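Open the model in your viewer and keep the selection tool at hand.

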Amino acid sequence: MKMQSNFLCALTLFLTASFGMLHAQDNNVNTEFGVKGGFNMSNLYGSGDDVDDNNILYGFNAGVYATLPISDFIAIQPEILFTTKGAEFEYNNAFASGNTKFKLNYIEVPLLVRVNVTKNFNIHAGGYASYLVSSKVTGEGTFDFDEPVDRDDLNKFDAGIAAGVGVDFDPISIGVRYNYGLTTVGKERTVGTTTITVPDAKNSNLTVYLSYKLN
């Protein structure tokens with residue numbers, strides 16, 4: 001099963017749940033400021049590869065958001081988040097077994113267009129930009145280790161597209177969002193006469209979040 005399929009399943013569940021409980025009402029969107037946090041399921045995908053759920057690394061995100069109306073049912077929603085990404089790889093052979101986690105920590109700034117389909121249900125889409133603040137690789141099993149990764153060996157900036165849905169229970173909201181990275185995690189480097197990118201992979205991240213309106 002591909003990670004995109006997981007997102008579509010989650011989207012279907014949110015649509016079913018929300019439309020089952022919502023009543024006819026206006027779609028007014030109001031100015032909001034709040035805090036939010038969530039549960040991440042992250043992975044890396046290579047050029048030309050589909051995103052799958054084989055190497056998911058579980059993590060979290062937390063930060064603040066604002067909702068700035070531009071019409072009765074459309075708003076711009078900027079956010080500032082601390083978020084974890086990366087992937088987990090398992091190995092099991094005649095010589096060793098265990099897992100290795102490649103962890104990437106970012107300060108992320110999504111900029112989204114939010115559309116209130118009803119007063120309590122929204123869809124949102126846009127882009128994000130991230131700055132890598134730390135990275136490390138850890139291992140458990142036959143080989144145990146916990147080592148930082150030099151950020152100079154990785155792209156410090158990441159960018160991609162994002163889309164999701166949310167259900168509002170004023171002042172609390174819940175939602176699901178998928179981020180699809182467009183920038184390789186690794187930098188290009190020249191080895192001999194060959195130019196390579198290591199790691200030649202991009203971020204993929206599915207988030208279930210909870211937000212709380214402060215105003």
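Keep in mind that this is a predicted model. Start by selecting S5, residues 121–141, together with strand S7, residues 157–169. S5 and S7 pair in the antiparallel sense, over eleven bridges. Zoom in on Ala125 in S5. Its bridge partner in S7 is Ala163.

Which residue stands opposite Ala125 here? Val113 does. S4 and S5 run antiparallel to each other and pair over 20 bridges. Now follow the chain from S4 into S5: a hairpin of two residues joins them.

Next, select strand S6, residues 145–148. S6 pairs with S5, again in the antiparallel sense. How many bridges link S5 and S6? There are four. Pick out Gly139 and Phe145: Gly139 stands opposite Phe145 in S6. Trace the link between these strands too, where a hairpin joins S5 to S6 through three residues.

Last stop: the largest pocket. Its volume is about 220 Å³. Select Asn30, Glu32, Lys119, Asp170 and Lys213; of the 14 lining residues, these are the closest to the pocket's centre.

Notes: Residues numbered from 1 in each chain as written. Predicted model: local features only at pLDDT ≥ 70, side-chain atom pairs only at ≥ 80, totals over all residues. Heavy atoms only, no water. 1 Å grid on protein atoms, 1.4 Å probe; cavity = no way out; pocket = protein on both sides within 12 Å on 5 of 7 lines; lining within 4 Å. Points joined across faces, edges and corners; volume = space filled by probe spheres on them. Pairing = 2+ DSSP bridges.
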